[in-house]
Amino acid sequence: MNILVTGAAGYIGSVLCEELVAQGHQVIALDDLKHGHRAAVVPEAVFIQADLGDQGALDDIFHQHRIDAVMHLAAETSVEYSMTEPGRFFWNNVACGVNLVECLAMAKGTSSWI
């Protein structure tokens, strides 16, 4: 399977990518590298540096790769930002996730679910 993993350069995402590759899957690893580390992603994965808020980049990914599954692990995890910058927290953890689902739906030829 071709599996898109968001947040792939974070701790959990990088371990997940490694396990998926070990199981024989093709991994498309996506991360914006704001908090993750490129070196943490296994070399066998196709790495793409992009932001989930960038609809054009997501459209390109879904059109260039036949994605069979998405494992969405990208998120803003700082509790401090949830209190001091709730808009940033909402954008990264909700709006960007919705953008991902919208792009996936369009790539699969279905109408928007929103």
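Me: Which residues lie nearest the centre of the largest pocket, and how many line it?

Reply: In this predicted model, the largest pocket has a lining of 22 residues, and those nearest its centre are Gly 7, His 35, Ala 74, Ala 75 and Glu 76.

Me: What volume does the largest pocket have?

Reply: The volume of the largest pocket comes to about 520 Å³.

Me: And by class, what is the lining made of?

Reply: The lining of the largest pocket divides into 9 nonpolar, 8 polar and 5 charged residues.

Me: Which element gives the most to that lining?

Reply: That is α1, with 3 residues; α1 (11-22), β2 and α4 (86-107) each supply at least two residues of the lining.

Me: Let's stay with α4, then. How many residues does α4 have, and what does it reach from its first C-alpha to its last?

Reply: Helix α4 has 22 residues and reaches 30 Å between its first and last C-alpha atoms, which is close to the 32 Å expected at 1.5 Å a residue.

Me: Where does α4 bend?

Reply: The bend in α4 is at Asn 92, and it amounts to about 30°. Asn 92 is also one of the buried residues of α4, a set that includes Ala 95, Cys 96, Gly 97, Asn 99, Leu 100 and Cys 103.

Me: Which residue follows α4?

Reply: The helix is followed by Gly 109, which has a positive phi, near 80°.

Me: Why does Leu 33 count as partly exposed?

Reply: Leu 33 counts as partly exposed because its relative accessible area is 25%, and that class runs from the 20% limit for buried to the 50% limit for exposed.

Me: How many residues apart are Leu 58 and Asn 99 along the chain?

Reply: They are 41 residues apart along the chain, while their C-alpha atoms are separated by 8.6 Å. Leu 58 itself is buried, because its relative accessibility is 0%.

Me: Switching to the strands, is Val 27 buried or exposed?

Reply: Val 27, in strand β2, is buried, because its relative accessibility is 0%. Leaving aside neighbours within four places in sequence, Val 27 is in contact with Ile 3, Val 5, Cys 17, Leu 20, Val 21, Ala 45 and Val 46.

Me: And Asn 2, why does that count as buried?

Reply: Asn 2, in strand β1, counts as buried because its relative accessible area is 18%, and the cut-off is under 20%. Not counting residues up to four places away in sequence, Asn 2 touches Gln 26, Ile 28, Arg 66, Ile 67, Asp 68 and Ala 69.

Methods
Residues are numbered from 1 along each chain as its sequence is written. This is a predicted model: local features need pLDDT of at least 70, side-chain atom pairs count only at pLDDT 80 or more; totals for chains, interfaces and linings use all residues. Side-chain values use heavy atoms; hydrogens and water are left out. Buried means under 20% relative accessible area, exposed over 50%, partly exposed in between (1.4 Å probe, protein chains only). On a 1 Å grid over the protein atoms alone, a cavity is a set of points where a 1.4 Å probe fits but cannot get out, and a pocket is an open set with protein on both sides within 12 Å along at least five of seven lines; lining residues have an atom within 4 Å of a point. Grid points are joined across faces, edges and corners, and a volume is the space filled by probe spheres set on the points. Helices (H or I, at least four residues) and strands (E, at least two) are DSSP runs, numbered from the N terminus. Ala, Val, Leu, Ile, Met, Phe, Trp, Tyr, Cys and Pro count as nonpolar, Asp, Glu, Lys and Arg as charged, and the others, Gly among them, as polar. The expected span of a helix is 1.5 Å times one less than its number of residues. The bend at a residue is the angle between axes fitted to the seven residues ending there and the seven starting there. Contact means heavy atoms within 4.5 Å.
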